[in-house]
Amino acid sequence: MIEYLIAMLAVLLGIYAVAFKDNLIKKVMGLSIMSNGIHLFLISIGYRTGGTIPILKDMDIASFAQLAVDPLPQAFVLTSIVINLSITAVALSIIILVYRQFGTLDASKIRELRG
Amino acid sequence: MIYGFYAVGVFLASAFLTGLVSIKSDKYVPHIPIAASLVAVLLTAITLPRVFFWGAVRMQMEEWVAPIGISIVADTLSVTLALITTIIAFLVLLFSYRYISRNSAKYYSLLSLMFAGVLGILYTGDIFNMFVFFEVLSVSSYGLVAFYRNRVSLEAGIKYLIMGSVATSMLLLGVAMLYGVAGTVNMADLALKLPSIGGIVPAVALALIMAGIALKAGIFPFHAWIADAYEGAPSPVSAALSGIGIKAGVYAMLRVVFIVFNAPAVVLDILLVFGVASMLIGALLALGQDNLKRMLAYSSVSQIGYIFMAIGLGTALGTAAGLLHIVNHMIIKSLLFLSAGTVLWKAKSTNMKEIANTVRTTPLMTYSFLFGVLALAGIPLFNGFVSKWLIYVASFEKMPLLTVIALVTSAITLAYGLKAFYAVFLSNEKAGTKVVMPLSMKIPLVVLIVLVIVLGVVPQIGIWLAEMMSGSLDLSLYTGVVLG
Amino acid sequence: MDLIIKTISRVLFPFVLLMGIYVAIYGHISPGGGFSGGAIIATSFALLVIAYTEGDVEHRFTKEELVDIKAVSGLILVILIISMGFAWRLELLKTQTPLVLWSGGFTPILNVAGALMVITAIVTIIYALVKE
Amino acid sequence: METRYVGLVSLVIVAAFMMLAVAGLPGFGSFQQKEIATYYLENSLEDTGSANAVNSIVWDYRGYDTLGEETVLFCAALGVFTIIRRRFSGPHHKDDL
């Protein structure tokens, strides 16, 4: 039970940053911290005590199936990392233009300036 | 074989093709997605009779056995919504033929990817796959919302992006928890395994998933981003987003609540409460708006409230009424946004008062907006009336107070609809530039008007559709089809 | 970017590239594969783009070209994955001995296509952001 | 300043929520309820020919996910380009506010 705690702490840290930090870039960083926390959670769900990596290397299939770690969450994490990359890319490109238009990165000021 | 499902591939291919064609000449770029959406309409139309008369169909990606691979399920609910999605997709793409002149290649690619995302959600039978297609839908709409790079759309874009990705992360966390407990991601498999798993993990996972999807569908506590996003986005995009994007969220909520968790009573009451709240607050906020697009955005929030209230009732009639209202609202909202788009095309600002003296409206624009407003408020002879009447009846059986609230909100809806109609269309006979509407803008409006009237005058179609759709929400039929 | 960074990045570029290619192609035997391999190759290009922001790298990739390479690779991948839907790969599998490079049936081809997709995406994004 | 307190309270509630859920999850190293995972481990070699089970899942068993994911990547590249267009059109634009 304790092992999942760190992942949950990362997710909560991410949510805290997104909710309370005013600077837009800090919000985007909070986003990626949160999703990295989720990835850690996903990987730790698939863990098996004393498990090896799910790649077949000079081992017969029967014992491989007993030893290897669960590959499915790892596939989910691979997909989710790439999605996280694309969200951060789009977010940063919007932030560049927001800075150019508004002159500031402070979310609350932007809300007033939008006119 | 589910032909409708290939519509996803068609939209994907059209997005990639537009990128390619744009190297040589920008002239032929719009034709590809419009043709692609026509093909998609045909494909879905072929699947509709197959699913309606022989029951739901399951297709397995690459023939892997059910829980191993990803299963694609087309049942009455998803095919009907897919058919309307493809029709509206075609109309929106046709509408923006003359509307977007610069950077059209990227605009069309992103728009067809958005439609691919929505169709992907409608057909998938796998929660993680639903998460991936939710991302496809949202990432493409982030780009589209910030398409006009002025202050309003940029601020709307970044706000929508942050809210949206928090929502999808909640969804992913919920899916991760479900996998941790049940060991599978296939919806039907989950539905079988979850009852036997005790403890609070399924409940927390459901709460997380519902929070994520509710934020995407713009329910009451999370409706902040909707008004900004629709105000910032180009009008065809707001029509597509509100007509289809939000409905994908509502569909996903239905799929998760009814199939995976088999609609526990507590959850339905939560839906009821949030539905009523967003219904009232959406209508009140819309009443106070003088910006045309923001008003339409808040009216979307209140109509989504109607849908969730109807489904939250839990009775068979309530669910059928809610499903029918999804269908009707898709058509009405697209009609309203597109007709607003024609007005805003030449107008400089979206403030109703200023529009009045800058644009002289043509009869078609006036009637389309009027019909939209009347249908939204549920006036007889329009399609809004059929579903709203069912909602009144269903809510009356359960709790008369709800019917009173629903009636009051419809009155408010009529009020702000007519207020906008009067301000924009009736009060400016003389001033303003004559808007000459190209054919590509007229056809969508005419088609939508016909749909609104036909569904209203002949309510039997709507009621039959509602029964067929609500049939697909029961668990045993779904798991029977998927797991064979 | 002064001289040291330029020379280092120029020297490092082929090695990072080679490693990326290895990871991508041997994906079905060794760890890594389409995505991580593609990411490593993309970093090698990023190294050059950042080091030579105003220098000669710019004229090699004009912005429009990059987006369209992306579209091409997108198409390849779409066709591949849709074609993978049909059971062609079983015949291909029978003719191969496992655990050798040419053994994964469709997976290595998809790995490469996926890596191509990732490379073009990351490079175009970095290029656009750096260019700004 | 009151939004800070509302935010903080909601964060505490979410935190409590998650801790409860984490307590309910099966043990850290235990491998129960994983029939599907063992299926992948057992016959990923003869089904897809690749020794790397994770890769066989990403590319073959659940290739549709990866296709969806590539479109997300493609969307991101397009999104970045629509937003950072070289001919920066500035605040004015003629299409529609």
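1. Start where two chains meet. In this predicted model, 5 residues of chain C are in contact with 8 residues of chain A. On the chain C side, the residues touching chain A comprise 4 nonpolar and 1 charged, with no polar ones.

2. Next, chain C itself. It has 6 helices and 0 strands. Along the sequence its pattern reads α-α-α-α-α-α.

3. How much of chain C is buried? Of its 132 residues, 42% count as buried. Contacts in chain C can also be sorted by sequence separation. Among those between residues at least 6 apart in sequence, 75% join residues at least 24 apart.

4. Now a helix pair in chain B. Two packed helices are described by the angle between their axes and the distance between the axes. Helix 12 of chain B spans residues 292–312, and helix 17 of chain B spans residues 400–426. They pack at an angle of about 160°, with their axes 11 Å apart. Angles over 145 degrees count as roughly antiparallel, so helix 12 of chain B and helix 17 of chain B are roughly antiparallel to each other. Their crossing is left-handed.

5. Which residues make the contact between these two helices? Helix 12 of chain B contributes Leu292(B), Met295(B), Ser299(B), Ser302(B) and Met309(B). From helix 17 of chain B come Leu402(B), Thr409(B), Thr413(B), Tyr416(B), Ala420(B) and Val424(B). By class, this contact has 7 nonpolar and 4 polar residues, and no charged ones.

Key: Residues are numbered from 1 along each chain as its sequence is written. Chains are lettered from A and ligands numbered from 1 in the order in which they are written. This is a predicted model: local features need pLDDT of at least 70, side-chain atom pairs count only at pLDDT 80 or more; totals for chains, interfaces and linings use all residues. Axes are lines fitted to C-alpha atoms, for helices over the stretch in contact, and angles run from 0 to 180 degrees between N-to-C directions. Helices (H or I, at least four residues) and strands (E, at least two) are DSSP runs, numbered from the N terminus. Angles under 35 degrees count as roughly parallel, over 145 as roughly antiparallel, 65 to 115 as roughly perpendicular and the rest as oblique. A crossing is left-handed if the near helix is turned anticlockwise from the far one by less than a right angle, and right-handed if clockwise. Two residues are in contact if their C-beta atoms, placed from the backbone, lie within 7 Å. Ala, Val, Leu, Ile, Met, Phe, Trp, Tyr, Cys and Pro count as nonpolar, Asp, Glu, Lys and Arg as charged, and the others, Gly among them, as polar. A residue is buried if 20 or more other C-beta atoms lie within 10 Å of its own, exposed if 12 or fewer, and partly exposed in between; C-beta atoms are placed from the backbone.
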